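Here is a short briefing on a structure with more than one part to look at. Start with the picture, then work through the points by topic.

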Amino acid sequence: MEINFTHKQSAHCENGVVSNLMRFNGFEVSEPMVFGIGSGLLFSYLPFLKVNHAPVVTYRVMPGVIFNRFAKRVGIKVKREKFKSLEKAQERLDQNLKKNNPVGLQVGVYNLGYFPEEYRFHFNAHNMVVYGKKEGTYLISDPVMEDVTSLTEKELEKVRFAKGAFAPKGHIYYPTEFPEKLELKKAIVKGIKHTCKDMTAPIPFVGVKAIRKTAKLIRKWPSKKGVKTANHYLGQIVRMQEEIGTGGGGFRYIYGAFLQEASKVLDNQELSALSKEITQIGDLWRDFAVDASRIYKNRSATEDGYNKVADQLASIADKEEAFFKKLKKAV
Amino acid sequence: MKKNEVPQDKSNLESANIKEMYYAVDENGEYTTELSTGWDPKTIALDNAIKEIEERTEIARQKVLNDKASPIEYYMELHKMDVGILASYMGMWAWRVKRHFKPSVFKKLSKNTLQKYAEVFDISVEQLKHIDK
C-alpha cells in the first residue's frame, strides 16, 4: 500500500518530519516555524559525555523535544511508542500504514545504506517518515533527502533497533488530535521565550555561558591534550555546527528564517530586525568554522591559532547574550 | 548568509546523490532555501575524523597481529564503535566487553558469545577469529 504523502526536503530531520506530517493532516507549517515554536535552538557543551572520542557539543535541543514542545504549544496530541520486541515493532508499523497513517520513526544512521559511508556514524537521533509498503519494501520519506527512498524489512529493522546512546528502540510517533485551527501567535511567543531562557541560563553547560566555557577550554587544549586531540575536539565542534541538518551556522540561519516569519505573523517589526541580527551571528559562526578548519588542516597549529578561534567564540557569546536579551523584550 | 554565497564545494555527498539544504537570504532580504553540494571546512573536519578512525583501526590491527589484543577490539574500531556502543549491541556490561579484548580471555569465549559478536559485526565466526580472512 502507498499513502498519498507529499515529501518535502528540509534542512533538519526532526523539523522536516513534523512539517511533512502536519501537511499530510492538512496544516501547512514551515520547517523554521516548527523549529522556533519547538524551541530547537541551543548551545550546550557536555565535557563528561563523549561521542566519537570527543566531548559532546550540540547546537540544538535533545531529540524528540522539538516535536513535543511544538505539539503542546499549538495544541496537537502526539502518540509515541517504543518496543522491546522486533516483531511487535514491525506489526504496529504495518497496522498504521494499513490505516492510511504515515508515521514518524527515530532511527540510527550507521546502517542507513543510502547515506554515504563517511557520514554513517553511530548517531541514533535521525528521523524519517514511513508512508507505505510495497512487496516487503518500506517507502521512506527522509527529510534530508531530495527524493523519497525505500528500505527492505531487514534494513528498516536494523536502523530502528540501532544500539548505543539514544537507542531508538523501534520508536514510532505520529500526531493523533488536532485543534480546529492552528493558533500560532501564542505558540511563537512561548517558543521564543523558552529559547531566550535556555540561552541565557545561569548554568555553565548551556547557552552563552557554555560558549564562553568552550572558548576557554579551546585555549587550554593544545598544551593540556596535545595538538592531535585538540584538533580532533575542534573538528568535532565544527562538525556538530555544520553537519547535515543544521541549515548552516549551527541552526542560527533556520532561527533567522523563523524570526522573519514570526515577525509577519505577529506583525512585529522588531523581530524582523532581530532576524537580520541572528543571521549576522550565523555568519560569525561560519567564520569560526573556516578559521578552525585552517588549524586542523595544517596539523602544525600554533597556540596563536587556537587563541584566535577562542576569541571568535567569546565574541559570539557576547553577541548572542545581547541578542537573546533583546529578543526576550521584543515579544 | 546570502543565497548566492551558499557553498558549492566538492564533497563525498555527491557519491550518494545528496545535496544538503541551507537557509539563506535572497536579494530582497527574504529567507529562502538553497541546496549545497558541500563545504570545504566541513569536509576537512569529516576527513580528519575518518582518518582518526582509520588510524585507530590500524593500531588495533597491529595489536591483534602481535597477540596484544583480541580481534574484537579491531572489529570494534573498524565499525566506528567505542566500548559503550559495542556493549549496548551485545547486551553486556562494558567491562565484560573490555575483558574480551584480552587474547587469553577471547580464546576461552563460548560459541554463543562468539556467534553474537560475529552477528553484531556482520561477519562469520571464522572471520571473527582471524582478522585477515
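Contact means that heavy atoms lie within 4.5 Å. Helices are DSSP runs of H or I with at least four residues, and strands are runs of E with at least two; both are numbered from the N terminus. This is a predicted model, where local features need pLDDT of at least 70 and side-chain atom pairs count only at pLDDT 80 or more, while totals for chains, interfaces and linings use all residues. Residues are numbered from 1 along each chain as its sequence is written, chains are lettered from A and ligands numbered from 1 in the order in which they are written, and side-chain values use heavy atoms, with hydrogens and water left out.

**Helix 2 of chain B**

- The buried residues of helix 2 of chain B pack against helix 1 (40-65), helix 3 (83-90), helix 5 (103-107), helix 6 (111-121) and helix 7 (125-129) of chain B.
- Buried means under 20% relative accessible area, exposed means over 50%, and partly exposed is in between (1.4 Å probe, protein chains only).
- Helix 2 of chain B covers residues 71-78, and seven of its eight residues are buried.
- The buried ones are B:Pro71, B:Ile72, B:Glu73, B:Tyr74, B:Tyr75, B:Met76 and B:Glu77.
- Just after this helix, B:Lys80 takes a positive phi of about 55 degrees.

**Helix 9 of chain A**

- How many of the 14 residues of helix 9 of chain A are buried? Eleven are, so the helix is largely enclosed by the rest of the structure.
- Among these buried residues are A:Tyr253, A:Tyr255, A:Phe258 and A:Leu259.
- The expected span of a helix is 1.5 Å times one less than its number of residues.
- For helix 9 of chain A (residues 252-265), that gives 20 Å, and the end C-alpha atoms are 20 Å apart, which agrees.
- Just after helix 9 of chain A, A:Asp267 takes a positive phi of about 50 degrees.

**Where chain A meets chain B**

- In all, 50 residues of chain A are in contact with 40 residues of chain B.
- The two chains bury about 4,100 Å² between them, 57% of it on carbon and sulfur atoms.
- Buried area is the accessible area (1.4 Å probe) that two parts lose on being put together, summed over both.
- In chain A, A:His53, A:His122 and A:Arg286 lose the most area to chain B, together 14% of what that side buries.
- The rule finds 21 residue pairs in polar contact across the interface, both residues at pLDDT 80 or more.
- A polar contact is a pair of N or O atoms within 3.5 Å; within protein, one must be able to donate a hydrogen and the other to accept it, and residues adjacent in sequence count only if both atoms are side-chain atoms.
- On chain A's side, helix 2 (31-37), helix 8 (227-242), helix 9 and helix 10 (269-298) each supply at least two residues.
- Helix 10 of chain A gives the largest share of that side, nine residues.

**Salt bridges**

- A salt bridge is a side-chain nitrogen of Lys or Arg within 4 Å of a carboxyl oxygen of Asp or Glu.
- Side chains of opposite charge can pair when their charged atoms come close.
- The whole structure has 28 salt bridges over all chains, and five cross the interface of chain A and chain B.
- One of them joins B:Glu52 to A:Lys228, with the closest N and O atoms 3.9 Å apart.
- A:Arg212 and A:Glu321 form a salt bridge, with the closest N and O atoms 2.7 Å apart.
- A:Arg212 lies in helix 7 (residues 207-225) of chain A and A:Glu321 in helix 11 (residues 303-330), so the pair ties together parts that are 109 residues apart in sequence.
- A:Arg212 and A:Glu321 also belong to a salt-bridge network with A:Asp318 and A:Lys325.
- B:Lys63 and B:Glu73 form a salt bridge, with the closest N and O atoms 3.0 Å apart.
- B:Lys63 lies in helix 1 of chain B and B:Glu73 in helix 2, so this pair ties together parts that are ten residues apart in sequence.
- B:Lys63 is partly exposed at 30% relative accessible area, whereas B:Glu73 is buried at 12%.
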